[in-house]
Structure formats: structure tokens, C-alpha cells
Amino acid sequence: MGAKRKLPFDPIDEARRHWESRWGRGDAMAAATAVMRVQQIVLGAVDEALRPFDLTFARYEALVLLTFSRNGRLPMRVMGDRLQLHPTSVTNIVDRLQADGLVLRTPHPTDRRATLVEITDAGTALLERATTSVTEIDFGLSGLTAEEEIQLTELLGRVRRAAGDFA
């Protein structure tokens, strides 16, 4: 991939100017476009930080979730709920993590329909190294203070709550 060329102007501000000359207030359009662009920037930075560990953000998130559980394992259904993913996506993530020796699938001890996913020692060790890598780049949120990160999370949380993402 070649070097990224910096524009001499903010294309979102330019789009807002055109929007407002045609349709009126462009604040929501500019904010939504900025969120989507920042999502690209953040995901690119995090993916780059995780690449040496052969992890995507989805697989990294799954490993993190497992370490947050009391005993390092969760039912796949719970993983899907917490990661807000379709069951097929969770299955694909777990398949790849298992193929890499980072998690194990085990039968649920009391529910024959459920499968538990458990992080392995190798998964825990890789997660520790990968976490160092993503925290060194502030998860791609360069340019924000700690207070601004909190404000951003709160603002985006309001949008997520209004959309029914959580109660």
C-alpha cells in the first residue's frame, strides 16, 4: 500500500458546506460521516496492531471477553449476546481461534444443547501481547485526551441507547 496523501482541506467540512447549500443544516450528516470515517481509521490502526498476532479485532474481542468471565469460559450463545454478533459469526470466530489453539470447545455440563468456549493458556499469552500492542496505539484514538475519550464514549453511548443497543 502506498503512502497516504493528505488533503489540504477537510472533505467532511466541504461536504457539509455543499449539503447546507442544497438541503439545509448538515450537522447530522457531518457527524455521521465523521463517525464512519473515524471507524475506518480506528479499525485500520487496530488491525495493523493486531496483524503480527494473526488476530482480527473480532477474534481479539472474543479472547478479551473470555478473560473477563469468571473462569475463562462462556457459552457460545452468551458470547454472541455480549459481542452483539449473529451466531454464525461467533461460530466462525471460534472456529478460527480453535484452529489456532487459542480456545477449546467443551460440552456444557448441564445443558446438552450448549457449547462452552474456553480460552487456552496459549490464547491468554497471545492476548496479553496483543493487548500491549493495541494499548500502545490507544486503540487508534490518537489526538484525544483521556477526558475526551470518556466524553466520546458517553456521546456514542447515547446514540447506541436511542437505537436500542442496550437498555
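In this predicted model, helix α3 (residues 57-68) and helix α5 (residues 87-99) pack with their axes 10 Å apart, at an angle of about 80°. Because angles of 65 to 115 degrees count as roughly perpendicular, α3 and α5 are described as roughly perpendicular to each other. On the α3 side the contact is made by Ala58, Arg59, Ala62 and Leu63, and on the α5 side by Ile93, Arg96 and Leu97. Sorted by class, the contact of α3 with α5 comprises five nonpolar residues, two charged residues and no polar ones.

A second pair consists of helix α2 (residues 27-50) and helix α6 (residues 121-136), whose axes lie 9 Å apart and which pack at an angle of about 140°. The crossing in which α2 passes α6 is right-handed. Here Val46, Ala49 and Leu50 of α2 meet Ala130, Ser133 and Val134 of α6. By class, the contact of α2 with α6 has five nonpolar residues and one polar residue, with no charged residues.

At 1.5 Å a residue, the 17 residues of α7 (residues 146-162) should span 24 Å, and the end C-alpha atoms of the helix are 25 Å apart, which agrees. Just after α7, Gly164 adopts a positive phi of about 85°.

The protein chain has seven helices and three strands, arranged along the sequence in the pattern α-α-α-β-α-α-β-β-α-α. How does the radius of gyration of the protein chain stand against the globule rule, and what follows from it? The radius of gyration is 20 Å, well over the 15 Å that the rule gives for 167 residues, so the chain is more spread out than a compact globule. Along its principal axes, the C-alpha trace of the protein chain spans about 65 × 40 × 30 Å.

Notes
Residues numbered from 1 in each chain as written. Predicted model: local features only at pLDDT ≥ 70, side-chain atom pairs only at ≥ 80, totals over all residues. Heavy atoms only, no water. Helix = DSSP H or I, 4+ residues; strand = E, 2+ residues; numbered from the N terminus. Expected span 1.5 Å × (residues − 1). Axes fitted to C-alpha atoms, helices over the stretch in contact; angles between N-to-C directions. Left-handed = near helix turned anticlockwise from the far one by under 90°. Contact = heavy atoms within 4.5 Å. Nonpolar A, V, L, I, M, F, W, Y, C, P; charged D, E, K, R; others polar. Rg over C-alpha atoms; globule rule 2.2 N^0.38 Å. Parallel < 35°, antiparallel > 145°, perpendicular 65-115°, else oblique.
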